[in-house]
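Work through the exercises below with the sequence and the coordinates open side by side.

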Amino acid sequence: MSLPLIDGTNKYYYYTVLTQLRFTKIVNILFIVQSLGLGLVKFALLQSIFLFSQLIFELPSGVLGDLLNKKIVVLAGLIILTTSPMLIYFTYYMPEFESFPILILAFTLEGIGNALLSGTDDAIFFETIRDEHQEKRYGKIRGNIQLISAIAMGIATLTGGILYSVDQFYPFLFQSLMLLLALMIIASINNKDKVREANRDTNLMQNLRDTLGVFKLLTKSSNIFFLFVYSSIIAAVVNAFFGLLPEYISKIGFTSAQNGGIFMLFSLIGGLIATQAYRLSGVKLNRLIFTILLVLFLSLIFQYGGNKYVFLIGIGLIYIILDILDPIIMEMLHLWVSDKSRATVISGMSLFISLVTMIITPAMGLLIQKTNTIITGSFTAVLMILLTVTAYILLNKSRKKQKG
């Protein structure tokens, strides 16, 4: 199957829309905690299982993509991801002693499916765009991807909340249908996989060593390494906090549809910022760090603004940090890494994010229960400030050593 009139960039955009239409994004926690009555702690446990399964399969999926066939790996991930929403929904008709093991299976499959996509799909599209001689535009394209992703995610959260209020089944059904359409986009790509063809007559173990050797090179490229670790930890902290936030937003008086609308607004604003974030790749490090710290300090101020709307502004400022960083970091990584290790290094980044998120999510859930969400949000902002200052100090030391 092929779609010759649609270039790689547009396929990347369409694929992003379809894979980001996750209508169950805020519905899962409402469905499991409120409809199934399993409680926030059990939901946090399921999230940890999801993250652990994603963690286990992250790096192998990238290695398989680089050594065997990226396209087949992504197609397998999409097939798996169409089944997990259906499994989650049908636990509604089961007694708790039967439903919880099924939920564990569904969240495990979700993690595996995400891992198979993570890094490998980005690698396919970068190589497709490069083969069409558009790699110099990748930073801008990546920013556009962030905006498109944000809009699609926002529409999905808003629509998911509305669909859920109409019929609990609809968000799960439509999410599976969108992923099937995404599968058709991937199937239409003529992925040449030049590295796999070049390695066909080479020893598999040697190919594996060459592919995994990218991480040794990463540690030797200190600036890339520090940015890799810093952006990964920031992503994990934000993911952990916002994964638990919909339940609190529901408690302070917002309906499921309004809940979705709030996340849609966050995503839209963040996406608009991401379309311009690539411009920061050319500014001095001091200015980039100052911008990030200013946003985080403003977040702290607004979180204690006295009402729920000002609080939402405060946490929204935390949300956009990833949108500032992603186009810059991903362009640097794609230009630095070679084709034979591209999916591996991006999957390695996702693995690290999953590992840290898996550790932080239960801790944040416990902190919310023992204190409150405002204190947890403040803790998140302070932690990100400390990480940013630390990254700045390490990058400066690295640059001084290189000059010396």
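A residue counts as buried when its relative accessible area is under 20%, as exposed when that area is over 50%, and as partly exposed in between, with a 1.4 Å probe and protein chains only as cover. The model is predicted, so that local features need pLDDT of at least 70 and side-chain atom pairs count only at pLDDT 80 or more, whereas totals for chains, interfaces and linings use all residues. Residues are numbered from 1 along each chain as its sequence is written, and side-chain values use heavy atoms, with hydrogens and water left out.

**Exercise 1.** Describe the chain as a whole by its secondary structure, burial and contacts.

Solution. Begin with the DSSP runs, in which helices (H or I) need at least four residues and strands (E) at least two, numbered from the N terminus; the chain has 17 helices and zero strands. Next, take burial: 54% of the 404 residues count as buried. The chain exposes about 17,500 Å², of which carbon and sulfur atoms supply 67%, the areas coming from the Shrake-Rupley method with a 1.4 Å probe. Finally, consider contacts, meaning heavy atoms within 4.5 Å: among those in the chain with a separation of 6 or more, 86% join residues 24 or more positions apart.

**Exercise 2.** Determine whether Gln-303 is buried or exposed, and find its contacts.

Solution. Gln-303 lies in helix α13 (residues 285-303). Its relative accessible area is 2%, and therefore Gln-303 is buried. With neighbours within four places in sequence left aside, Gln-303 is in contact with Phe-311, Gly-314, Ile-315, Ile-318, Ile-374, Gly-377, Ser-378 and Ala-381. Now follow one of these partners, Ser-378, which is placed in helix α17 (residues 373-403). The C-alpha atoms of Gln-303 and Ser-378 are separated by 7.2 Å, although the two residues are 75 residues apart along the chain. Ser-378 has a relative accessible area of 8% and so is buried, and, under the same exclusion of neighbours within four places, Ser-378 is in contact with Leu-300, Gln-303 and Tyr-304.

**Exercise 3.** Classify the crossing of helix α1 with helix α5 by its angle.

Solution. Axes are lines fitted to C-alpha atoms, for helices over the stretch in contact, with angles from 0 to 180 degrees between N-to-C directions. The axes of α1 (residues 8-20) and α5 (residues 120-131) come within 8 Å and cross at roughly 155°. Angles under 35 degrees count as roughly parallel, over 145 as roughly antiparallel, 65 to 115 as roughly perpendicular and the rest as oblique, so α1 is roughly antiparallel to α5. The contact is made by Gly-8, Thr-9, Lys-11, Tyr-12 and Tyr-15 of α1 with Asp-121, Asp-122, Phe-125, Thr-128 and Ile-129 of α5.
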